[in-house]
Protein chains: 2
Amino acid sequence: MFKIDKDLLQNCKQLAESDRFSYLLHHNAEVVWFILVPHTEIRELYLLDPELQQQGYQQINLLSDFIQSHFSIDKINVASIGNVVPQLHIHVIGRRCDDAYWPDVVWGKKFDKKRESTEISRISAQLSAYLARH
Amino acid sequence: MFKIDKDLLQNCKQLAESDRFSYLLHHNAEVVWFILVPHTEIRELYLLDPELQQQGYQQINLLSDFIQSHFSIDKINVASIGNVVPQLHIHVIGRRCDDAYWPDVVWGKKFDKKRESTEISRISAQLSAYLARH
């Protein structure tokens with residue numbers, strides 16, 4: 001039984017789940033920050049079996065398109081890092097030229113503004129509807 | 001005629017080139033830092049045409065495997081950011097638990113140690129041989 005890393009769960013709200021992926025939204029309200037978690041014990045993107053890797057890239061495409069079509073953003077940042085949380089997870093983040101960190105990356109930054117539960121519910125509903133259509 | 005962004009060329013040494021990709025090595029000697037540049041004007045990974053995107057992911061796999069098999073590293077970091085340099089480019093970086101930045105990300109950090117030309121030549125030869133075999 002696959003379990004999402006507890007640090008990821010502490011920093012994020014789980015929005016959706018499929019057989020092979022979990023979709024998390026980071027609590028940081030300053031940016032639109034999704035984290036895709038493939039259900040695997042493999043820790044490096046390039047070591048995933050080709051089918052799961054292909055599906056992962058498809059989910060990155062979908063999350064990127066979802067962000068671009070539902071939020072006012074200027075750039076998508078995509079990254080698999082894992083220096084702190086070893087469980088494989090991929091960041092898909094919508095950035096604005098006027099967000100608090102621009103042009104810096106978001107990792108390792110502190111944040112004050114936690115996303116409100118009403119907004120999380122709205123994004124969750126939008127994402128579920130989007131994923132159901134694609 | 002495709003031209004690599006001048007900021008990328010200032011920070012990196014170009015090691016190899018194919019029809020559709022250029023392979024750069026960042027001057028920062030602290031980490032093994034490759035930058036893959038697809039020959040395209042598209043600026044977002046998810047907007048690439050499916051064939052080039054697929055080839056890009058294959059090159060990321062190859063660069064990751066090359067790093068893992070030729071250097072002593074603990075983690076691969078992969079990222080498409082582009083907040084500073086808008087031309088699409090993908091970072092593929094070998095990280096060690098004892099490198100100067102660990103566990104932080106490498107972007108936005110200053111560096112003192114520039115890679116020596118003899119080492120660049122060695123890595124360049126190894127990469128060309130590796131890419132020719134795969």
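What do the buried residues of α2(B) pack against? Let's work towards that through the predicted model. Local features here need pLDDT of at least 70 and side-chain atom pairs count only at pLDDT 80 or more, while totals for chains, interfaces and linings use all residues. Residues are numbered from 1 along each chain as its sequence is written, with chains lettered from A and ligands numbered from 1 in the order in which they are written.

Start with chain A, whose secondary structure comes to 3 helices and 5 strands (DSSP runs numbered from the N terminus: helices are H or I, at least four residues, and strands are E, at least two). From the N terminus on, its elements run α-β-β-β-α-β-β-α.

Now look at helix α2 of chain B, residues 50–70, which has 21 residues. Its buried residues include B:Tyr57, B:Ile60, B:Leu63 and B:Phe66; buried means that 20 or more other C-beta atoms, placed from the backbone, lie within 10 Å of the residue's own. Here is the answer to the opening question: they pack against α2 (50–70) of chain A, together with β2, β3, β4, β5 and α3 of chain B.

That brings us to where the chains meet. The contact takes 25 residues from chain A and 25 residues from chain B, two residues being in contact if their C-beta atoms, placed from the backbone, lie within 7 Å. On the side of chain A that touches chain B, β4(A) gives the most, with 6 residues. β4(A) and β4(B) run antiparallel and are joined by 3 bridges (strands pair if DSSP finds at least two bridges between them). In β4(B), B:Val78 is the bridge partner of A:Ser80.

Note on methods:
Expected span 1.5 Å × (residues − 1). Buried ≥ 20, exposed ≤ 12 C-beta atoms within 10 Å, placed from the backbone.
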